[in-house]
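Here is a short report for you to read alongside the model. Please keep the structure open as you go.

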Amino acid sequence: VEIGSGDDRSIVLYAVESLFQVNRMDDAVDLWNRAAAAHWMPHPTISRDRLITNPSFSFQFLPAGFDWKQPTLDGVVFWRLGSPRGLMIEFSGRQPESCTLLSLPLPLEPGKSYTLQTSLTASRIAGDAGLKWRLGTQEWDALKDTMTFESPSKPQPLQLALIYNRALGTKRIEGSLSIRSVAITPSERPQ
């Protein structure tokens, strides 16, 4: 960033977030990349092949911009363990029946096919427990390690979110989810 200093980091991050929310993706990515190139944060620049700037949860989460958002939730404890161990999420069984655990703004190209790859381990959590990845209107079982999806045909601000919705007829989950990494890469369109 040509003007300013690292002291302006918060302003720049919130500007990135605002540009993203009003669907000015190119401007948001450009401003993020200029701040990253100036070393105003430890996160790398965004490129077509690197859409997630904190894939292994190595860096402290930023308050805005293209980084993970982690809400404060009763009954849920987050442990950022750093690379290569990632992030551990502990569920006490007292968490809300429906909640967003993590979210991440993604500057996806419209009408493209992508692959979401995760490396995670669940402890005492069943596959049908209600943990899902959500992107727009699409959802996938969070315990699957690879999912292919299509971005919407028109540009729009999208958030990748890890969500929990208690499945009907089940108790709230108790256990932990360790996420070592999350990556999104362009892929071939499914035939």
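Leaving aside its neighbours within four places in sequence, which residues is Thr53 in contact with? In this predicted model, the partners of Thr53 are Trp32, His43, Pro44, Thr45, Ile46, Phe59 and Phe66. Thr53 is found in the loop between helix H2 (25-37) and strand S1 (76-82). Its relative accessibility is 1%, under the 20% limit, so Thr53 counts as buried. The side chain of Thr53 also reaches the backbone oxygen of Phe66, at 2.8 Å.

One of the contacts of Thr53, Trp32, leads us to H2, where Trp32 is itself buried. Also buried in H2 are Met25, Ala28, Val29, Leu31, Asn33, Ala35 and Ala36. Helix H1 (9-21) is what the buried residues of H2 pack against. Just after H2, His39 takes a positive phi of about 60°.

| Item | Value |
|---|---|
| H2, residues | 13 residues |
| H2, first C-alpha to last | 18 Å |
| H1 and H2, angle | about 160° |
| H1 and H2, distance between axes | 7 Å |

With an angle of about 160° between them, H1 and H2 are over the 145 degree limit, so H1 is roughly antiparallel to H2. The crossing of the two helices, H1 and H2, is left-handed. On the H1 side, Val12, Leu13, Ala15, Val16, Leu19 and Phe20 take part, meeting Met25, Asp27, Ala28, Leu31, Trp32 and Ala35 of H2.

Key. Residues numbered from 1 in each chain as written. Predicted model: local features only at pLDDT ≥ 70, side-chain atom pairs only at ≥ 80, totals over all residues. Heavy atoms only, no water. Helix = DSSP H or I, 4+ residues; strand = E, 2+ residues; numbered from the N terminus. Buried < 20%, exposed > 50% of the residue type's maximum accessible area, 1.4 Å probe, protein only. Polar contact = N/O pair within 3.5 Å; in protein donor to acceptor, adjacent residues only side chain to side chain. Contact = heavy atoms within 4.5 Å. Expected span 1.5 Å × (residues − 1). Axes fitted to C-alpha atoms, helices over the stretch in contact; angles between N-to-C directions. Parallel < 35°, antiparallel > 145°, perpendicular 65-115°, else oblique. Left-handed = near helix turned anticlockwise from the far one by under 90°.
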